[in-house]
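The sequence and structure are shown first.

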Amino acid sequence: MGTMKLKLAAGCAFVLFSIVSCHKHMCLYGKDHRKYPTADPNMKECTIYSNSSCCYGNFTEQLVSPVLTVDNTHWDRCGKLSEKCEVFMKKIECFYQCSPHAAHWINPNYTAGILLAPLCLNFCDNWFEACKGDLTCARNWLTDFDWNHDGNHCRNSCIPYSQMYKNGRDLCQSMWGQSFMVSESPCRCLRLDGRDEVVMKYLLPDKDSDSSTSEEVHGDERSCQLEGLGAVVGEEKAGDESVELKHK
């Protein structure tokens, strides 16, 4: 999946929010997903989702550092990832596999996947900075590998992330195709950490209304900012899961 114009992505996401609100208490339909989010105290990684997880604890054993292979996808086709880069790859994988919120952005044409989940630009810039010196041979990890019984294989030469992607926005909107978009709001967006639990109420439409007006959207943005959720954060650190998710 390639980079798309943000206005188009934002418009698609607005429509998508209205479509997928019914998936509030469900998970994606992937082979490693539960049907419903469930507490799991046995997770080795992705522990911010342990109070309400869409993945099984044994799945997260694959994400214990150093990560080489997740299911049938090899992360080390161009060499082992740096620790900083691995942190972000794990955040993406944990969100997709384990987050109880991922199904809000379920892909209607492929229900095991997500479509246009809104990431914060700051998160994307930090991801790019962490991985810029690492190597990859695929711009789109969903379509640009050759696949066989042994998983993914490079069809192109390995080059640094800084050559494969222009910047953080390009990385977020290209590596996993249309799975993610970069939000224009610094507040109403996902950072794939404990903050997301609080910001979700500003990301999703009112469950009792069929649409949100421009005034309501701007009001949500103001409220989000007033809670301090739009504050810029620095580079992520490995194991930084200091904010636990609380699920009522």
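## Overall architecture

The model is predicted. Its secondary structure consists of 7 helices and 12 strands. Of the 248 residues in the protein, 51% are buried.

Among contacts with a separation of 6 or more, 67% are between residues 24 or more positions apart.

## Disulfides in the model

A disulfide is a covalent bond between the sulfur atoms of two cysteines. The count in this protein comes to 8 disulfides, on the criterion of cysteine sulfur atoms within 2.5 Å. Among them are the pairs C46 and C94, C55 and C98, and C137 and C154.

## C46 and C94

The sulfur atoms of C46 and C94 are 1.9 Å apart. The torsion about their S-S bond is about -70°, and the disulfide is therefore left-handed. C46 lies in the loop between β1 (33-38) and β2 (53-55), whereas C94 belongs to helix α2 (residues 83-98), so the bond ties together parts that are 48 residues apart in sequence.

Both cysteines fall under the 20% limit for burial. The relative accessible area is 1% for C46 and 6% for C94.

## C55 and C98

Helix α2 also contributes C98, which is joined to C55 of strand β2; this pair ties together parts that are 43 residues apart in sequence. The S to S distance is 2.1 Å. With a torsion of about 90° about the S-S bond, the disulfide of C55 and C98 is right-handed.

C55 is buried, at a relative accessible area of 0%. C98 is likewise buried, with 0% relative accessibility.

## C137 and C154

In the pair formed by C137 and C154, the sulfur atoms are 2.0 Å apart. The S-S torsion is about -80°, so this disulfide is left-handed. C137 is located in the loop between β8 (135-136) and β9 (145-148), and C154 in strand β10 (residues 151-154); the bond thus ties together parts that are 17 residues apart in sequence.

Which of the categories buried, partly exposed or exposed applies to C154? Its relative accessible area is 28%, which lies between the limits of 20% and 50%, so C154 is partly exposed.

How values were computed:
Residues numbered from 1 in each chain as written. Predicted model: local features only at pLDDT ≥ 70, side-chain atom pairs only at ≥ 80, totals over all residues. Heavy atoms only, no water. Helix = DSSP H or I, 4+ residues; strand = E, 2+ residues; numbered from the N terminus. Buried < 20%, exposed > 50% of the residue type's maximum accessible area, 1.4 Å probe, protein only. Contact = heavy atoms within 4.5 Å.
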